[in-house]
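Reader: I would like to go through this structure term by term. Please show it first.

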Amino acid sequence: MSGAGELARQLCGWFGANARELPWRMAAPGERDPYQVLVSELMLQQTQVSRVVERFRVFVARFPTFAALAAADEGEVMALWAGLGYYRRARLLHAAAKAVVGRHGGEMPREMAAIGDLPGVGRYTAGAIASIGLGRAEALVDGNVSRVLLRLEGKALASDDPAAVAFAWERAGELVRAAANPGAFNEALMELGATVCTPTAPKCGECPWREACVARREGTMGEIPRPKTRVARTSLRFECVVLRDAKGRVLLEQRPVGGLWGGLWQPPSVEMVGTRKPAAGELLAKLGLPEVALAQAGVVRRTLTHRNVVMRVWVGAAGGKMEGRAWFEVGALPAMSSAHVAVLARAEAEVGD
């Protein structure tokens, strides 16, 4: 293995000249607000940086501290998370803020055990908070970091292979402990994987570790890491009824807190088993809706991490109070998944045709 100290120096030098300007990088690593580190890291999980940038600014402007977020209504938190998906992260962030206020007086604890005990904070996020927010020499490993380190040492393993996981954490720990600025090193390591040592077509000529990289020397960058074992996707099918009243408001219901799209709002919907498609009257009866004329408005399809979702859209007009449901102005909708926003858009297009 190459010397940890020299590798750390090379990478931090590269980062100083090439780091992207991002709103959560307004202060130097190790001097950051741990609250903003936690917010940015949870937002960035499985979400593109470009989508996070604007949401982050709005979110921390409204909730600038753990105390402000802890005191907020969950509905407002979810609404400001809209567009990022994976809404369970928003609930965990909200719960983490409450835990920091309730257990630690509103200040991020410095002990790794206490940081890792916060809701939504796993080993990676704890390492990010400790190093980037608190200046501690703690390792972190995500998909980008694992890929970089496996290529650096020429280990042809899948990133989810237990041997690869153990190696990546051990090597990341050696490197961060050798760095003069642990937070800057960890950010640089993630940045290298995100912008240079990419899954396909890595820019090896721009890499500060190109001379030390075994995969580059052996020409095996495209083979490392090996593919993960594919998880079979399940298929889900929903019938969604979009009803508007005389004021143009749309009828919505809130999903159960647990499970897919937990706690978010949607048009009245029912999950169907099998391939049989219900008629309008049967669907209205299943949903406990009044007998109104319905028209089909097409289909919305979404591919989620482990699911293929098909949503058949119906449109109609109704009015009055609906038990367990509420009418909302189209310009003031509560927190909804992007899939259900697409359902409303599909219904609107049908009405406008």
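**Cavity, pocket, core and helix**

Author: By the rule used here, the count comes to one cavity of 30 Å³ or more. This is a predicted model, where local features need pLDDT of at least 70, side-chain atom pairs count only at pLDDT 80 or more, and totals for chains, interfaces and linings use all residues. Residues are numbered from 1 along each chain as its sequence is written, and side-chain values use heavy atoms, with hydrogens and water left out.

Reader: What makes a space a cavity, and what makes it a pocket?

Author: Both are sets of points on a 1 Å grid over the protein atoms alone. In a cavity a 1.4 Å probe fits but cannot get out; a pocket is an open set with protein on both sides within 12 Å along at least five of seven lines. Grid points are joined across faces, edges and corners, and a volume is the space filled by probe spheres set on the points. On that basis the largest cavity holds about 130 Å³. The largest pocket has about 890 Å³.

Reader: Which residues line the largest cavity?

Author: A lining residue has an atom within 4 Å of a point. The largest cavity has 15 of them, and Arg-151, Cys-197, Cys-204, Cys-207 and Cys-213 lie nearest its centre. Helix α9 (residues 143-153) gives the most, with three residues.

Reader: How is the lining of the largest cavity divided by class?

Author: Ala, Val, Leu, Ile, Met, Phe, Trp, Tyr, Cys and Pro count as nonpolar, Asp, Glu, Lys and Arg as charged, and the others, Gly among them, as polar. The lining of the largest cavity has 11 nonpolar, no polar and four charged residues. For the largest pocket the classes come to 13 nonpolar, 14 polar and six charged.

Reader: Which residues lie nearest the centre of the largest pocket?

Author: Gly-85, Tyr-86, Tyr-87, Leu-260 and Trp-261, out of 33 lining residues. Helix α6 (88-104) is one of the elements that give two or more residues. α6 gives the most, with four.

Reader: Why is Leu-69 called buried?

Author: Buried means under 20% relative accessible area, exposed over 50%, partly exposed in between (1.4 Å probe, protein chains only). Leu-69 has 0% relative accessibility, so it counts as buried. Leu-69 sits in helix α4 (residues 66-70).

Reader: What does Leu-69 touch?

Author: Contact means heavy atoms within 4.5 Å. Leaving out residues up to four places away in sequence, Leu-69 touches Tyr-35, Phe-59, Phe-63, Val-77, Leu-93, His-94 and Ala-97. Leu-93 is 24 residues from Leu-69 along the chain, with 8.7 Å between their C-alpha atoms.

Reader: Why is helix α8 described as largely enclosed?

Author: Helices (H or I, at least four residues) and strands (E, at least two) are DSSP runs, numbered from the N terminus. In α8 (residues 123-133), 10 of the 11 residues are buried, so the helix is largely enclosed by the rest of the structure. The cover includes α2 (34-44), α7 (112-116), α10 and α11 (182-195). Just after α8, Gly-135 takes a positive phi of about 75°.

Reader: What makes a set of residues a nonpolar core?

Author: Its members are buried Ala, Val, Leu, Ile, Met, Phe, Trp, Tyr and Cys residues, joined through side-chain atoms within 4.5 Å. The largest such core has 100 residues; Leu-149 and Trp-209 are among those that touch the most other members. Its largest share, seven residues, comes from helix α10 (residues 162-178). Apart from it lies another core, of 14 residues, including Leu-243 and Trp-314.
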